[in-house]
Amino acid sequence: MAKVLLVEDDQFLQKMYQKKFQISGFEVEIAKDGEEGLSKMKALKPDIVLMDIMMPKLNGIDATAAAKSDETTRNIPIIILTNLSSTEDAQTAVKKGAVDFMVKSNFTPAQVVEKVKQVLASGK
């Protein structure tokens with residue numbers, strides 16, 4: 001069973017995505033901000049991370065950059081999952097090491113699960 005780390009500060013979205021991934025056969029861990037996300041990435045070694053951008057303590061772009069510069073977490077794929085829809089944010093996220101950028105309002109939870117499956121299958 002693949003392990004997903006969801007780094008998201010919105011409790012409603014945490015529960016919604018957690019339930020959707022669990023129904024789809026994934027183990028799900030939650031972190032409520034970028035700092036906790038980095039800590040859990042190191043401790044849990046998830047198969048993939050879904051990272052929001054706008055969060056307290058450490059935003060998702062900076063958390064992604066930190067994860068990619070750390071030897072213990074650099075190979076964990078990170079998908080940015082955010083409500084920010086600017087091309088600049090997407091380009092910055094990919095430059096910092098994210099494998100993809102998804103705007104929450106443009107994708108159903110089922111589509112997010114499918115994207116995670118595709119990334120895991122591709123071995124990115």
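The following legends describe close-up views of a predicted model.

**View 1**
Five strands are arranged in an open sheet with the order E2-E1-E3-E4-E5, and their pairing is parallel. On average, and with direction ignored, neighbouring strands are turned by 20 degrees against each other. Strands of a sheet are joined through backbone hydrogen bonds, in either a parallel or an antiparallel manner.

**View 1. Pairing of strands E4 and E5, with helix H1 on the sheet.**
Strands E4 and E5 pair in the parallel sense over four bridges. Leu81 is found opposite Met102 in E5. Helix H1 (residues 11-23) packs on the sheet, where it touches strand E1 (3-7), E2, E3 and E4. The direction of helix H1 makes about 165 degrees with that of E2.

Asp52 is placed in the loop between E3 and H3. With a relative accessible area of 5%, which is under the 20% limit, Asp52 is classed as buried. Leaving aside residues up to four places away in sequence, Asp52 touches Val7, Glu8, Asp9, Gly60, Leu81, Thr82 and Lys104. One of these contacts, that with Lys104, includes a polar contact between the two side chains at 3.5 Å.

**View 2. The salt bridge between Lys104 and Asp52.**
The side chains of Lys104 and Asp52 form a salt bridge, with an N to O distance of 3.5 Å. Lys104 lies in the loop between strand E5 (100-103) and helix H5 (109-122), and Asp52 in the loop between strand E3 (48-51) and H3, so the pair ties together parts that are 52 residues apart in sequence. Both partners, Lys104 and Asp52, are buried. A network of salt bridges links Glu8, Asp52 and Lys104.

**View 3. The salt bridge between Lys115 and Asp100.**
Lys115 and Asp100 meet through their side chains in a salt bridge (2.8 Å, N to O). This pair links distant parts of the chain, with Lys115 in helix H5 and Asp100 in strand E5, 15 residues apart. Lys115 has a relative accessible area of 22% and is therefore partly exposed. Side chains of opposite charge can pair when their charged atoms come close.

**View 4. The salt bridge between Asp70 and Lys42.**
A salt bridge connects Asp70 with Lys42, and their closest N and O atoms are 3.2 Å apart. The two residues belong to distant parts of the chain, 28 residues apart: Asp70 is in the loop between helix H3 (60-68) and strand E4 (78-82), whereas Lys42 is in helix H2 (residues 34-44). Lys42 is partly exposed, its relative accessible area being 41%. A search of the whole structure finds eight salt bridges.

**View 5. Lysine residues with positive phi.**
Most residues other than glycine have a negative phi. Lys45, although not a glycine, has a positive phi of about 50 degrees. Lys45 is situated in the loop between H2 and E3, and with a relative accessible area of 44% Lys45 is partly exposed. Lys57, likewise not a glycine, has a positive phi of about 70 degrees. Lys57 belongs to the loop between E3 and H3. The relative accessible area of Lys57 is 63%, so Lys57 is exposed.

Notes. Residues numbered from 1 in each chain as written. Predicted model: local features only at pLDDT ≥ 70, side-chain atom pairs only at ≥ 80, totals over all residues. Heavy atoms only, no water. Salt bridge = Lys/Arg side-chain N within 4 Å of Asp/Glu carboxyl O. Buried < 20%, exposed > 50% of the residue type's maximum accessible area, 1.4 Å probe, protein only. Pairing = 2+ DSSP bridges. Axes fitted to C-alpha atoms, helices over the stretch in contact; angles between N-to-C directions. Contact = heavy atoms within 4.5 Å. Polar contact = N/O pair within 3.5 Å; in protein donor to acceptor, adjacent residues only side chain to side chain.
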